[in-house]
Amino acid sequence: MKDFWKKLGLSLLIFAVLAILLDYGYISSNLKYIFFKPKPVPAPTVLTPAPKGEPNMLSIDSLGVKAPIQYVDTKPSENPTQLENDFQAALINGVVHYPGTVLPGQYGNSYIFGHSSDNAWSKGHFKTVFAVLPQMQKGALIEITDPDGNSFTYVVTDSFKVSKTEVKYITPNAVDQNGNKIKQLTLQTSYPVGTSLARWIVLAEIRQVK
């Protein structure tokens, strides 16, 4: 009986070590966030236009996230298999803008997604770019530039988990409670870590620009 518990303990230890190695990026990202959490930046009551910057960049200072935005040309209605292949190829180099949704800064919904974790042997430096996305707080700021380098600041309005089959957030349209058109940003990643059982969604909005 004693040998049984030794073997069980050793097996659990090996399993734990393998799990850590396979998802090292995710674990390190969350530990870094816990112990070296960036100082929150309060959202301004009035957002002013920022000078132009590097095109196609996404920055979330409160999470320590910065990544290039990749664009995919394949239309979702044309070839779903090719679209998925294009998505996976684009995720190697950053986060991905979902085709058919609006560009950042435009009226409507701009939908961007990225990895929370990936296989240790997978290519790319953005395998855990959204590992700490579920830590996003309401009122946090998201900085984003469009293909021309125009810079926009979004304020987070909500952060929540949805079913993996939920697709209503992948839309080019966005309106407020009164039916008025708004400039919305939706961020998405897989949840929980190492699975695609659900999705984590963050909604943000450009409040006011003068």
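1. Pairing of β1 and β2. Strands β1 and β2 (residues 65–71) run antiparallel and are joined by four bridges. Strands count as paired when DSSP finds at least two bridges between them. Within this pair, L58 faces A67 of β2. The two strands make a hairpin with four residues between them, and G64 in the turn has a positive phi of about 70 degrees.

2. Basis of the model. This is a predicted model, in which local features need pLDDT of at least 70, side-chain atom pairs count only at pLDDT 80 or more, and totals for chains, interfaces and linings use all residues. Residues are numbered from 1 along each chain as its sequence is written, and side-chain values use heavy atoms, with hydrogens and water left out.

3. The other neighbour of β1. Strand β5 (residues 141–145) is also antiparallel to β1, with two bridges between them. S59 has E143 as its bridge partner in β5. β1 is covered on both faces: M57 and S59 are buried on one side, L58 and I60 on the other. Buried means under 20% relative accessible area, exposed over 50%, and partly exposed in between (1.4 Å probe, protein chains only).

4. Overall layout. The protein has three helices and eight strands. Along the sequence the order is α-α-β-β-α-β-β-β-β-β-β. These elements are DSSP runs numbered from the N terminus: helices are H or I with at least four residues, strands are E with at least two.

5. Of the 210 residues, 39% count as buried. Among contacts with a separation of 6 or more, 63% link residues 24 or more positions apart. A contact means heavy atoms within 4.5 Å. The accessible surface is about 12500 Å², and carbon and sulfur atoms hold 57% of that. Areas come from the Shrake-Rupley method with a 1.4 Å probe; for residues, only the protein chains shown count as cover.

6. L203 lies in strand β8. L203 counts as buried because its relative accessibility is 13%. V155 is 48 residues away from L203 in sequence, yet their C-alpha atoms are 8.4 Å apart. Leaving out residues up to four places away in sequence, L203 touches V155, F160, Y169 and T186, among others. T186 belongs to strand β7. T186 has a relative accessible area of 0%, so T186 is buried. With the sequence cut-off of up to four places applied, the contacts of T186 include N109, I112, I201 and L203.

7. Largest pocket. Its space is about 570 Å³. The lining has 26 residues, and the closest to the centre are E84, F113, Q188, S190 and R199. Elements giving two or more residues are α3 (80–91), β4 (108–113), β7 and β8. The largest share, four residues, comes from α3. On a 1 Å grid over the protein atoms alone, a pocket is an open set of points where a 1.4 Å probe fits, with protein on both sides within 12 Å along at least five of seven lines; lining residues have an atom within 4 Å of a point. Points are joined across faces, edges and corners, and the volume is the space filled by probe spheres set on them.

8. Backbone points to check. Most residues other than glycine have a negative phi, and most peptide bonds are trans. N56, in the loop between α2 (24–35) and β1 (57–60), has a positive phi near 55 degrees. Y191 and P192 are joined by a cis peptide bond, with omega about -10 degrees. P192 sits in the loop between β7 (183–191) and β8 (198–205).
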